[in-house]
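Thanks for asking me to look this one over. My notes follow the fold, as numbered points, and I spell out the criteria as they come up.

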Amino acid sequence: MQNKQEQIIGMFDAIAQKYDRANHTLSLGIDISWRREACVRAFSALQDSINHPLIILDVACGSGDMIKHWYNVANMQGVKIAQIYGFDPSANMLEVAKAKLEGYKDTHFVQGEAKTLPFEDNSVDILSIAYGLRNVLEYKQALSEFARVLKKGGVLVVLEFLKSEKPTLLGCIASYYTRKILPLLGGVITSNFKAYQYLPNSIENFISVRELEELSQERGVQKNFCKTYSAGISTLFIGIKG
């Protein structure tokens with residue numbers, strides 16, 4: 001399993017420099033609104049417990065897009081941030097993120113795998129993972145780690161392409177785009193067709209929304225909010241640690 005995980009990490013190393021352009025092009029820029037809503041909903045879920053500067057951990061931070069959204073939404077809502085940690089196994093992705101967030105002095109980057117987080121128990125107010133959980137082969141262990149490092153009342157934010165159990169007609173059309181069109185476009189943009197063929201395969205072999213809710217609940221994280229976007233292509237799940 002570790003060899004396969006290393007192959008996935010190597011794939012992201014290979015596309016790091018062109019990842020942002022491909023990502024925003026393939027989603028038609030809609031992913032920006034998905035990320036923004038995730039931040040808004042997470043701060044809302046904390047409610048009155050936002051009485052101190054927050055510690056945020058963005059797992060599988062990739063090129064740093066989600067971290068920028070955390071800062072922007074916090075600034076708009078008057079939420080204070082103490083530190084944001086960007087955590088990712090890909091060295092090349094972290095280099096892109098560091099360059100993008102060079103002026104954000106409260107941001108720190110750590111390289112590692114989600115199945116073993118180098119953070120203390122009950123130390124994080126918000127933990128987010130945007131389109132990265134599916135790439136963690138030992139995702140159940142990662143979910144256990146997420147619950148461990150979250151404070152009581154802390155918020156888990158998962159944005160992901162989850163498997164649809166009952167796809168609608170629009171969902172089937174969206175699935176066709178993901179399976180047939182997206183790999184071709186992604187391959188052209190990044191010159192790495194293999195990486196973008198991996199995406200639809202990883203969705204098909206991953207868990208459903210219901211399974212994510214159950215796995216989170218087993219670890220003491222209760223669903224607070226859940227929403228699907230674009231005919232079920234993307235899902236936002238927000239949970240609170242009890």
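**Notes on the sheet and its surroundings**

1. Seven strands make up an open sheet of mixed pairing, in the order β3-β2-β1-β4-β5-β7-β6. β3 (107-111) and β6 are the edge strands, each with a single partner strand, so one side of each has no neighbour in the sheet. On average, neighbouring strands are turned by 15° against each other, direction ignored. Pairing here requires at least two DSSP bridges between two strands. Strands (E, at least two residues) and helices (H or I, at least four residues) are DSSP runs, numbered from the N terminus.

2. A word on provenance: the model is predicted, so local features need pLDDT of at least 70 and side-chain atom pairs count only at pLDDT 80 or more, while totals for chains, interfaces and linings use all residues. Residues are numbered from 1 along each chain as its sequence is written, and side-chain values use heavy atoms, with hydrogens and water left out.

3. Overall, the protein has nine helices and seven strands. Of its 242 residues, 50% count as buried, where buried means under 20% relative accessible area, exposed over 50%, and partly exposed in between (1.4 Å probe, protein chains only). The protein exposes about 11500 Å², and carbon and sulfur atoms supply 53% of that area; accessible areas come from the Shrake-Rupley method with a 1.4 Å probe, and for residues only the protein chains shown count as cover. Among contacts (heavy atoms within 4.5 Å) with a separation of 6 or more, 77% come from residues 24 or more positions apart.

4. Strand β5 (residues 150-160) deserves a look: eight of its 11 residues are buried. Strand β4 (residues 124-130) runs parallel to β5, joined by six bridges, and Ser-128 of that pairing stands opposite Val-157 in β5. Between the two, the chain passes through helix α6 (residues 139-149) in a right-handed β-α-β crossover. Right-handed means that, with the strands pointing away from the viewer, the path from the first strand over the helix to the second runs clockwise.

5. What lies along the other pairing of β5? Strand β7 (residues 234-241) pairs with β5 in the antiparallel sense over six bridges. Val-157 has Ile-238 as its bridge partner in β7, and Val-155 has Ile-240. Seven of the eight residues of β7 are buried.

6. β7 also pairs with strand β6 (residues 221-229), antiparallel over eight bridges.

7. Glu-160, found in strand β5, is one to inspect. Is Glu-160 buried or exposed? Glu-160 is buried, with a relative accessible area of 0%. The Glu-160 side chain reaches the backbone nitrogen of Gly-132 at 3.4 Å, which falls under the polar-contact criterion: N or O atoms within 3.5 Å, where within protein one must be able to donate a hydrogen and the other to accept it, and residues adjacent in sequence count only if both atoms are side-chain atoms. Leaving aside residues up to four places away in sequence, Glu-160 touches Tyr-131, Gly-132, Leu-133, Arg-134, Phe-206, Ile-233, Ser-234 and Thr-235.

8. Now the helices. In α6, the buried residues are Tyr-139, Ala-142, Leu-143, Glu-145, Phe-146, Ala-147 and Val-149; their cover includes β1 (54-59), β4, β5, α9, β6 and β7. Helix α9 (residues 209-218) lies across β5, β6 and β7, at about 160° to β6. Helix α5 (residues 91-100) lies across β2 (81-88) and β3, at about 170° to β3. Axes are lines fitted to C-alpha atoms, for helices over the stretch in contact, and angles run from 0 to 180 degrees between N-to-C directions.

9. Last, Ile-67 in helix α4 (residues 65-77). Ile-67 is buried, with a relative accessible area of 0%. Not counting residues up to four places away in sequence, Ile-67 touches Asp-58, Cys-61, Ile-84, Gly-86, Leu-101, Thr-107 and Phe-109. Ile-67 and Leu-57 are 10 residues apart in sequence, and their C-alpha atoms are 8.9 Å apart in space.
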